[in-house]
Amino acid sequence: GEHKQFLIDTNIGKTSWAEWKEWIEASTDDLPEFQNISEIWGKRPALSPELIPGILRKGRKMMIVGASKTGKSMLLSELAIAIAEGTPWLGRLCAKGRVLYVNLEIPEDTFWNRIIDIYEALGLTAGSNLTVWNLRGYATQMDKLTPKLIRRARKINPEVVIIDPIYKVLTGDENSAEQMARFCNEFDKLCTQLGASTIYCHHHSKGAQGGKNSMDRASGSGVFARDADALLDMTQLNLTEAVITQEKNKAVCKYLLSLLQQAVPIDWQELVSQDDALSRARMEEICRQRIADQNQVSRIIANAEAAVEEMIAVRVEGTLREFPRFKPIDVWFQYPLHYMDETGILGDLQLPEDRPPRGPGRGNSPKETPEQKQERENKSFETAFNSLLEPGKNTVSVKSLMEYYNVADARPIVRKVDKNENFFITAKTENGLVGRK
């Protein structure tokens, strides 16, 4: 325009576009600098404090894996409360800290009732360290959720972020090592940018787990198991009739003793010796003699046996990066708590179809049939569709599925839909939509 321009300087900056591009990328990346051993020598870095003694340090990643109905979410809820209140979990006293629990699966009212049930069963009063983000119906892919989660979490600065379960936010095919490596990188971002431990939940693959190493029981790529700093595997035990009978007898003794204390509050201690309290036959005899309402005694016995029928036994095994492997922990689960097997009665029980691991001279696993392969691919596509489906909609764009599977055109998506009888596609291009039939 009307303003003069002045030459400020010459021969500054880089001599070429390539040189400038290399310089700007090196100057603006957010990667840490190299470190030389001479900088560290003589001033050994302090290790991050232990969050769960002997299992997990602060700022690390942990995954809990288990079969359906073994109480994975309940165990995670118990862990969240143990950290929030600084109480024991699986026999280990947790460091106290703020917890953010991302609930992706359970309805909000059910989830809060579970939390309150656990607090009451433990005899605890809730403080203010536990915060919950209920996202059922709002789940999205993890790479899209991560920046939103980090932004919101910074307001409360949690020491722990729990994500339950990860299949709701899975990004990519869980059987693809490359795609699962990218997915697991999202947990690293949470740890690095929040300075928090990230704990998440996954499910077992199909079939019996007894012949597998605990690291190989998680569904999908082995990247899952090898990425976490601590992996805890939950496998339900096969209860024998002898164990069930023994537990029923213990429960009946406990229930009848409580009934006797209420019915004969003054001299019940004179009626029951320490040995009597451990004998079902003796407790039944005393109660039949001293309690007039025989129907009540029968109901108490029936209730005690029914409570045992609802219990399951679970073995927890650990694969740890920073600590020695611990001896498997056997626990009982009776809603709403897992509690330690103090008697050791579960120690000799076997996992379902326990057998030696595969190896030279031990046989190979049967080859996957075409039907089994198609079933696996259908399940993977179902996971992809559910993770991309937005609230209030019933279709997903082909383009979104292409991004999910990291493919360049629509043909692989079209083939997946054509082979899956549960889905339809409106157009066999990236502009098409996929929905359930």
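Author: Helices here are DSSP runs of H or I with at least four residues, numbered from the N terminus. This is a predicted model, where local features need pLDDT of at least 70 and side-chain atom pairs count only at pLDDT 80 or more. Residues are numbered from 1 along each chain, and side-chain values use heavy atoms, without hydrogens or water.

Reader: Happy to start with Gln193: which helix is Gln193 in?

Author: Gln193 belongs to helix 6, residues 177-194.

Reader: And why is Gln193 called partly exposed?

Author: Buried means under 20% relative accessible area and exposed over 50%, with partly exposed in between (1.4 Å probe, protein chains only). Gln193 has 42% relative accessibility, so it counts as partly exposed.

Reader: What is Gln193 in contact with, leaving aside neighbours within four places in sequence?

Author: Contact means heavy atoms within 4.5 Å, and on that basis Gln193 is in contact with Ile150 and Arg154.

Reader: Now helix 11: how do you know that its span agrees with its 16 residues?

Author: The expected span is 1.5 Å times one less than the number of residues. For residues 294-309 that should give 22 Å, and the end C-alpha atoms are 23 Å apart, which agrees.

Conventions
Helices (H or I, at least four residues) and strands (E, at least two) are DSSP runs, numbered from the N terminus.
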